[in-house]
Amino acid sequence: MMKNIFLIGAAAILLSGCTGQENPEETAVKDATEEKSADGEVRGMTADSKSKTEQIPGEYKIHAQEVGHAQTASDPSEFEELDHAKKHFIPEDYEIRVANDNPGNRVLLFMDGDKPAYKTVLIKNQGLLKIISNDKGLIEETKI
């Protein structure tokens, strides 16, 4: 009889500790899957919540930090993304600078004087190319 009372008491304590409270791990997951934009609107960051045509403002911009670190390309002919960029602009009309080139990705800036006009982002392991205009934002996203 004492064992039964002990077990019932232990079960009551365990069950009462689990009710009425939010799981802190679930809260962390919820916070990680939501992003608050500059305009105050909360948007989900899950893959199915964003269509290909929907853009989050500021997502496809050319940032001043990239321009500051970019180095002039010594041999632009070696970049495969130039063939795809020719569909939207003439790369030879711009000074080509390499903002980032590592095993994972390459970022090229196409400078019009001291201001960037276009940017390409090549994600090498996925074969994904994004072409971004300083005026229009993302103008093409394609597999190469």
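**Figure 1. Surface and overall make-up of the predicted model.** The accessible surface of the protein comes to about 10200 Å², and carbon and sulfur atoms account for 53% of that area. The coordinates are those of a predicted model. Of the 144 residues in the protein, 28% are buried. The secondary structure consists of 4 helices and 8 strands, which follow one another from the N terminus in the order α-α-β-β-α-β-α-β-β-β-β-β. Among contacts with a separation of 6 or more, 33% link residues 24 or more positions apart.

**Figure 2. Confidence along the chain.** The protein has a mean pLDDT of 75, with 67% of its residues at 70 or more. Among the elements, β7 has the highest mean pLDDT (94), whereas strand β2 (residues 42-44) has the lowest (45). Over residues 27-58 the pLDDT stays under 50, and the model has 28 contacts beyond four places in sequence for this stretch. Where pLDDT is low, the predicted coordinates should not be read in detail.

**Figure 3. The antiparallel sheet.** An open sheet is formed by 6 strands in the order β3-β4-β5-β6-β7-β8, with antiparallel pairing. The edge positions are taken by β3 (71-72) and β8 (137-143); each has a single partner strand, so one side of each is left without a neighbour in the sheet.

Figure 4. Strand β6 (residues 115-123) and strand β7 (residues 128-133) run antiparallel and are joined by 6 bridges. Within this pairing, K130 in β7 is the bridge partner of V121. The hairpin of β6 and β7 has 4 residues between the strands, and G127 adopts a positive phi near 65° there. On to the next strand, β7 and β8 also pair in the antiparallel sense, over 6 bridges, in a hairpin with 3 residues between them. L129 stands opposite T142 in β8.

**Figure 5. The two faces of β7.** In a regular strand the side chains alternate between the two faces of the sheet. In β7, 6 of the 6 residues are buried. L128, K130 and I132 lie on one side, and L129, I131 and S133 on the other; both faces are covered.

Figure 6. In soluble globular proteins, nonpolar side chains tend to be buried together. The largest nonpolar core of this model has 14 residues, and F79, F89, I96, L108 and F110 have the most contacts inside it. Two or more residues each are given to this core by α4, β4 (95-101), β5 (105-112), β6 and β7. The largest share, 3 residues, comes from β6. Beyond its neighbours within four places in sequence, F89 is in contact with Y94, F110, Y118 and I131.

**Figure 7. Surroundings of E81.** E81 belongs to helix α4 (residues 81-85). Its relative accessibility is 0%, so E81 counts as buried. Leaving aside neighbours within four places in sequence, E81 is in contact with R106, L108, T120, L122 and L129.

**Figure 8. Salt bridges.** Side chains of opposite charge can pair when their charged atoms come close. The whole structure contains 5 salt bridges. One of them joins R97 to E95, with the closest N and O atoms 3.2 Å apart. R97 counts as buried because its relative accessibility is 19%, under the 20% limit for that class; E95, with a relative accessible area of 30%, is partly exposed.

Figure 9. D101 meets the side chain of R106 in a salt bridge (3.8 Å, N to O). R106 is buried at 9% relative accessibility, whereas D101 is partly exposed at 40%. D101 also forms a salt bridge with K124, the closest N and O atoms being 2.8 Å apart. K124 lies in the loop between β6 and β7 and D101 in strand β4, so this pair ties together parts that are 23 residues apart in sequence. The relative accessible area of K124 is 32%, and K124 is therefore partly exposed. Through shared partners, salt bridges join E81, D101, R106 and K124 into one network.

Terms used: Residues numbered from 1 in each chain as written. Predicted model: local features only at pLDDT ≥ 70, side-chain atom pairs only at ≥ 80, totals over all residues. Heavy atoms only, no water. Pairing = 2+ DSSP bridges. Buried < 20%, exposed > 50% of the residue type's maximum accessible area, 1.4 Å probe, protein only. Contact = heavy atoms within 4.5 Å. pLDDT = per-residue confidence, 0-100. Core = buried A, V, L, I, M, F, W, Y, C linked by side-chain atoms within 4.5 Å. Areas by Shrake-Rupley, 256 points an atom, 1.4 Å probe, with all protein chains shown as cover. Salt bridge = Lys/Arg side-chain N within 4 Å of Asp/Glu carboxyl O.
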